[in-house]
Amino acid sequence: MSQLTDRIKEEIHEAVLNSKDELESFRLKYISRKGRITELLSKIGSVAPHERKEFGQKVNHLKELAHKKFSEAKEKLEKNNEGNNSGIRALDDPTLMPAPPAFGRLHPLSQTQQMIKDVFFRLGFTISDGPELEDDFHNFTALNFPPEHPARDMQDTFFIKKTDNDDEDDLVLRTHTSPVQIRLMQSSKPPFRSIMPGRVYRNESITAKSYCLFHQVEGLYVDKDVSLAELIDTLVMFVEMIYGEGVRYQIRPSFFPFTEPSLEMDIWWGDEKNGKWLEILGAGMVHPNVLKACGVDPEIYSGFAFGMGVERIAMLLYGIDDIRHLYDNDLRFLQQF
Ligand code: DAH
């Protein structure tokens, strides 16, 4: 009998308890009611009377040993798991391959912006860039906004003071990407064929449909004899390349100070019966006053321009019904793209 208790003692000492599974089989084997220690105790009747006391002490010692080993290993394992928020499993078996790392992916807005760029690259457009902090001239005046235009109101636009002692609120967080048109035309000579992606800001309350920050892609095409028909062709080609040939769209007249004539394009959101038109872009023929403000002769050159909302295009593309999802950075949302 004492040989048996010694063997079990050795087994307990040598048991490796590095995983939940190992812990559980240890518990079953030694501690549980059907385990080896209970089994030993049940044999006490067959032990010679003068050896019973010693045998009982040995078994009790084994019991304590097993419980101590079990609770220490359990605590250690739990601690390891707590410190391990990386998504990697606790060390079940050191020879196992680690769990594959979670790969990141592009945000749906970046994916959409890339799709838009790809379409216009194929049409021969280049990329241009401008500052997000603009002056009044580029954001409004050169774009033919009259002085009393509502967009110049504090209610709609974030104005920034240049310095503390400057009362003139001359700088604005750009309200659209159209000022990049002005910068492009001022900095080189026609023809121009470029798109201008970027972030824009408006002093709007945050709802399912609007946010104080969003993204646009502006387009400008200026050359000799550019026509409205070319603008419409380009826009139709664009929506067909993004949404597929069966896309339902409409083009309707509109007004912008910097284009004449102006139009807007809508995409149908919903099924045949239940749905509505959602505007995705504004466009038009560049107003002669805008060309003049940039030193381009409107007698020689004409052009078209457009500005589209990246959020709107993404929401229609992926069926997203609330713009705020795009900024929450909730992994459950982002992992779907
Ligand atoms: N800037 C306009 C807006 O933010 C969009 C726009 C309309 C841009 C017509 C254009 C254009 O270039 O021609 O609502």
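Throughout the tour, a residue is called buried when its relative accessible area is under 20%, exposed when that area is over 50%, and partly exposed in between, with a 1.4 Å probe and protein chains only. The model is a predicted one, in which local features need pLDDT of at least 70 and side-chain atom pairs count only at pLDDT 80 or more, whereas totals for chains, interfaces and linings use all residues. Residues are numbered from 1 along each chain as its sequence is written, and side-chain values use heavy atoms, with hydrogens and water left out.

**The two domains**

Begin by colouring residues 2–92 as domain 1 and residues 108–334 as domain 2; these bounds come from an automatic or database domain assignment. The centres of domain 1 and domain 2, taken over C-alpha atoms, are separated by 71 Å.

**Charged pairs around R252**

Next, select R252, which is partly exposed with a relative accessible area of 27%. A salt bridge here is a side-chain nitrogen of Lys or Arg within 4 Å of a carboxyl oxygen of Asp or Glu, and the model holds 13 salt bridges by this rule. Side chains of opposite charge can pair when their charged atoms come close.

Helices (H or I, at least four residues) and strands (E, at least two) are DSSP runs, numbered from the N terminus. E264 is buried, with a relative accessible area of 12%.

Now show D266, whose side chain meets that of R252 in a salt bridge of 2.6 Å, N to O. This pair also links distant parts of the chain, with D266 in strand β8 and R252 in strand β7, 14 residues apart. D266 counts as buried, at 3% relative accessibility.

For another salt bridge, select R248 and E272, whose side chains meet at 3.9 Å, N to O. R248 sits in the loop between α8 (228–243) and β7 (249–256), while E272 sits in the loop between β8 (259–270) and β9 (275–286), 24 residues apart. R248 is partly exposed at 36% relative accessible area, whereas E272 is exposed at 65%.

**Strand β6 and its partners**

Move to strand β6 (residues 213–223), which is mostly covered, with 9 of its 11 residues buried. Two strands are said to pair if DSSP finds at least two bridges between them. Strand β5 (residues 192–201) runs antiparallel to β6 and is joined to it by 10 bridges; to see one of these positions, select I195, whose bridge partner in β6 is G219. β6 also pairs with strand β10 (residues 302–309) in the antiparallel sense, over 8 bridges, and here V217 stands opposite M308 in β10.

**An open sheet of three strands**

Then display β2, β4 and β3, which form an open antiparallel sheet of 3 strands in the order β2-β4-β3. Its edge strands are β2 (133–135) and β3 (159–160), each of which pairs on one side only. Between β2 and strand β4 (residues 171–173) there are 3 bridges, and D135 can be found opposite L171 in β4.

**The nonpolar cores**

A nonpolar core is a set of buried Ala, Val, Leu, Ile, Met, Phe, Trp, Tyr and Cys residues joined through side-chain atoms within 4.5 Å. The largest has 42 residues, and those with the most contacts inside it are I116, F120, L235, F238, F306, M308 and L326. Helix α8 supplies the largest share of this core, 6 residues.

Select I116 and show its contacts (heavy atoms within 4.5 Å): not counting residues up to four places away in sequence, I116 touches V217, F238, I242, M308, V310 and I313. A second, separate core of 23 residues includes L220, V296, Y301 and A305.

**Last stop: T112**

Finally, select T112 in helix α5 (residues 108–122). Is T112 buried or exposed? At 1% relative accessibility, T112 counts as buried. With residues up to four places away in sequence again left out, T112 touches V310, I313, A314, L317 and Y318.
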